[in-house]
Amino acid sequence: MKIDDMPDDDYIAIFSGHGERLTGRIIGKSLYGNNEYLICKTENLENPINVVDARALNGQSVPVSEAMARAVIEKFYEENPELESPELPDNIYELTDEEGNQISLELLDIIVHNSKEYVVFIPDDHESTEVMIFEVHNNGLEQEYLSLDNEEEFTAVFNLFVERNEELFDFVD
């Protein structure tokens, strides 16, 4: 099925970045870089607008990063000013490092690799362009972000991040 063949008010089943199954009403389509995306409104109060890569309509598994979804949504509402732009969830996290210092980080992506979940952050002050990758551990009701000590694991997750975000960021070797 082609994206242009779908009426804007179709409903589709989508998966959030956390693997949660949602039903979304297609409210628009947008081209970002070389890819087409569907913008879907869901009943999820935490994340009412979701983005689906149109290649997923052909059965491909094409996850969309947090940063890419935000960029596509912002572009869509800039191109459609007659629509009311929703308040996007804040992607800024206040974390405490091992020495007890508070650090403010912007969430760029959530990646699942080898059945483990990882988060990719950048310092909120944007003074540094190096990303930080943490493994997510659920301790009962809280999530804990653990540093990666394994260089191979870090490289594999970073390469997935680059692959998913190559149209959004300029990566330097």
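User: So two strands pair if DSSP finds at least two bridges between them. What counts as a strand or a helix here?

Analyst: Both are DSSP runs numbered from the N terminus: a strand is E with at least two residues, and a helix is H or I with at least four. This is a predicted model, where local features need pLDDT of at least 70, side-chain atom pairs count only at pLDDT 80 or more, and totals for chains, interfaces and linings use all residues. Residues are numbered from 1 along each chain as its sequence is written, and side-chain values use heavy atoms, leaving out hydrogens and water.

User: Switching topic: is strand β4 largely enclosed or open?

Analyst: Strand β4 (residues 49-53) is largely enclosed by the rest of the structure, because five of its five residues are buried. Buried means under 20% relative accessible area, with exposed over 50% and partly exposed in between (1.4 Å probe, protein chains only).

User: Which way do those residues point from β4?

Analyst: Ile 49, Val 51 and Asp 53 point one way, while Asn 50 and Val 52 point the other way.

User: Which strand pairs with β4?

Analyst: Strand β3 (residues 35-42), antiparallel over five bridges. Tyr 37 has Asp 53 in β4 as its bridge partner.
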